[in-house]
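Welcome! Take a look at it first, and then read on.

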Amino acid sequence: MQTASPIEKDRLYTVNPDHMSEARKSAGRALIIVSSFVLAGLFLLQALYKAETIGFGFENWRPVLYTYLLWSCALGIGLVMIRGEAGLRALFILPAVLFTVAMVIFPTLFGFYVAFTDWNLSSFAGRHFNGLDNVRQMLQDPYYWNAL
């Protein structure tokens with residue numbers, strides 16, 4: 001006959017998400033979905049404004065950063081509302097994931113943005129989209145092949 005170990009008997013180590021109400025889980029899902037749409041919408045608005053497709057937006061990306069921080073808080077609260085104690089445990093991983101996204105994914109996307117624009121800092125014309133012209137110019141440059 002097997003007996004349960006002390007860890008299995010201890011209620012501190014058991015995670016039972018069944019005791020949470022469906023209304024709480026639905027509210028957590030709604031919080032995550034709404035905050036994700038707000039973040040994506042603000043990011044799209046700012047990207048279109050910087051590409052000069054629309055005439056309204058923000059002068060810098062700071063509001064998108066603040067929205068990203070609020071979205072990360074809403075994500076953590078939503079996880080706790082949906083998963084209970086397991087959501088609390090997921091909160092320990094969340095800062096590392098958000099830091100990785102902020103320090104790897106966003107700069108990579110900005111690098112692609114710079115790669116597809118003609119951005120001369122010494123001219124008054126500013127930057128404009130030029131597609132793959134930078135890549136074509138790079139492949140024809142002998143200094144690039146020497147460096148590679």
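How does Asp 133 count at 39% relative accessibility: buried, partly exposed or exposed? Asp 133 counts as partly exposed. Please keep in mind that this is a predicted model.

**Salt bridges**

- A search of the whole structure finds three salt bridges.
- Asp 133 takes part in one of them, meeting the side chain of Arg 136 at 2.7 Å, N to O. These two residues are three apart in helix H6 (residues 133–140), so about one helical turn separates them. Arg 136 is partly exposed, at 48% relative accessibility.
- Glu 85 pairs with Arg 89 in another, where the closest N and O atoms are 2.8 Å apart. Because they sit four residues apart in helix H4, about one helical turn lies between them. Glu 85 is partly exposed at 31%, and Arg 89 is partly exposed at 39%.
- Lys 25 and Glu 22 form a salt bridge at 3.9 Å, N to O. They are three residues apart in helix H2, or about one helical turn. Here Lys 25 counts as buried at 13% relative accessibility, whereas Glu 22 counts as exposed at 51%.

**Helix H3**

- Helix H3 covers residues 62–83, which makes 22 residues. From first C-alpha to last it reaches 32 Å, close to the 32 Å expected.
- Its buried residues include Tyr 68, Trp 71, Leu 75, Gly 76, Gly 78 and Ile 82.
- Among the elements covering those buried residues are helix H2 (22–50), helix H4 (85–90) and helix H5 (94–115).
- Just after H3, Gly 84 takes a positive phi of about 70°.

Notes. Residues are numbered from 1 along each chain as its sequence is written. This is a predicted model: local features need pLDDT of at least 70, side-chain atom pairs count only at pLDDT 80 or more; totals for chains, interfaces and linings use all residues. Side-chain values use heavy atoms; hydrogens and water are left out. The expected span of a helix is 1.5 Å times one less than its number of residues. Buried means under 20% relative accessible area, exposed over 50%, partly exposed in between (1.4 Å probe, protein chains only). Contact means heavy atoms within 4.5 Å. A salt bridge is a side-chain nitrogen of Lys or Arg within 4 Å of a carboxyl oxygen of Asp or Glu.
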